Amino acid sequence: AQSVTQLDSQVPVFEEAPVELRCNYSSSVSVYLFWYVQYPNQGLQLLLKYLSGSTLVESINGFEAEFNKSQTSFHLRKPSVHISDTAEYFCAVSDRSGYSTLTFGKGTMLLVSP
Amino acid sequence: DAMVIQNPRYQVTQFGKPVTLSCSQTLNHNVMYWYQQKSSQAPKLLFHYYDKDFNNEADTPDNFQSRRPNTSFCFLDIRSPGLGDAAMYLCATSRVSAGAGNEQFFGPGTRLTVL
């Protein structure tokens, strides 16, 4: 079984400032890692994922996350946030079997203000 | 565009009155999921279908049922909604294949209000 910890329930930040949303996971087996974003009253959208290869993965809108196996972390970063980045961000993990459900963290609300 | 569609987006029902939420997909994915999400919480998996095989989470109340008549459609039935069942219900799909990592694609959700 896996678990995901997102320690920060809410992260307030000013526009154009950098941000890091933390995600740590626990698993006895190798995992895949995901970040999903949810805007108000909408479903979840995949932001980025780590399956294999380079430990640094990037999204098309400037977010990046780095898989750190030794620290069991997959923190999400953006060097300069926009007002439109205000949303709930969920970290999720699944094991590497061919068929596995996702385990979500509790989410971090990113609040970007002018 | 291939997508996951949920209807209706907003549903109001009365306490104890059965309600059905629907989900359809054009992705031809073999797995379909139903999640319940309450305010400021993570989505909670209720059950999922892997093809025709139904998989119920251990803590999903009996009040919740699901049907998947074909690959494209999946329904969530709440037999006797209580006030505590008011939530956003999310449908998701995935294609199980080696190395795909079980990436799930979500619909926009149905917000259920119980009066």
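In which strand of chain B is B:Gln25 found? In this predicted model, B:Gln25 belongs to strand S3 of chain B, which covers residues 19–25. The residue has a relative accessibility of 4% and therefore counts as buried, the cut-off for that class being under 20%. Most residues other than glycine have a negative phi, and most peptide bonds are trans. A positive phi is also found in chain A, at A:Glu16, where the angle is near 75°. A:Glu16 is part of the loop that links strand S2 (10–14) and strand S3 (19–21) of chain A. With a relative accessibility of 60%, A:Glu16 counts as exposed, since that class begins over 50%. In chain B, the peptide bond from B:Asn7 to B:Pro8 is cis, and its omega is near -15°. B:Pro8 is placed in the loop between strand S1 (4–7) and strand S2 (10–13) of chain B.

The fold of chain A was examined next. Chain A contains 12 strands and 0 helices, so that, read from the N terminus, its elements run β-β-β-β-β-β-β-β-β-β-β-β. The C-alpha trace of chain A spans about 45 × 30 × 25 Å along its principal axes. For 114 residues, a compact globule would have a radius of gyration near 13 Å, and the 14 Å of chain A agrees with this. Of the 114 residues in chain A, 47% are buried. When contacts in chain A between residues at least 6 apart in sequence are taken, 58% of them join residues at least 24 apart.

The contact between the two chains draws on 21 residues of chain A and 26 residues of chain B. About 1800 Å² is buried between chain B and chain A, with 54% of this area on carbon and sulfur atoms. How many salt bridges are counted between chain B and chain A? The count is 1 salt bridge, and it is formed by the side chains of A:Lys49 and B:Glu103, with an N to O distance of 2.5 Å. Polar contact across the interface of chain B and chain A is found for 6 residue pairs, both residues being at pLDDT 80 or more. On the side of chain B that touches chain A, strand S4 (31–37), strand S5 (44–50) and strand S9 (87–94) of chain B each supply at least two residues. By class, this side of chain B has 13 nonpolar, 10 polar and 3 charged residues.

Conventions
Residues are numbered from 1 along each chain as its sequence is written. Chains are lettered from A and ligands numbered from 1 in the order in which they are written. This is a predicted model: local features need pLDDT of at least 70, side-chain atom pairs count only at pLDDT 80 or more; totals for chains, interfaces and linings use all residues. Side-chain values use heavy atoms; hydrogens and water are left out. Contact means heavy atoms within 4.5 Å. Buried area is the accessible area (1.4 Å probe) that two parts lose on being put together, summed over both. A salt bridge is a side-chain nitrogen of Lys or Arg within 4 Å of a carboxyl oxygen of Asp or Glu. A polar contact is a pair of N or O atoms within 3.5 Å; within protein, one must be able to donate a hydrogen and the other to accept it, and residues adjacent in sequence count only if both atoms are side-chain atoms. Helices (H or I, at least four residues) and strands (E, at least two) are DSSP runs, numbered from the N terminus. Ala, Val, Leu, Ile, Met, Phe, Trp, Tyr, Cys and Pro count as nonpolar, Asp, Glu, Lys and Arg as charged, and the others, Gly among them, as polar. The radius of gyration is taken over C-alpha atoms; the globule rule is 2.2 Å times the number of residues to the power 0.38. Buried means under 20% relative accessible area, exposed over 50%, partly exposed in between (1.4 Å probe, protein chains only).
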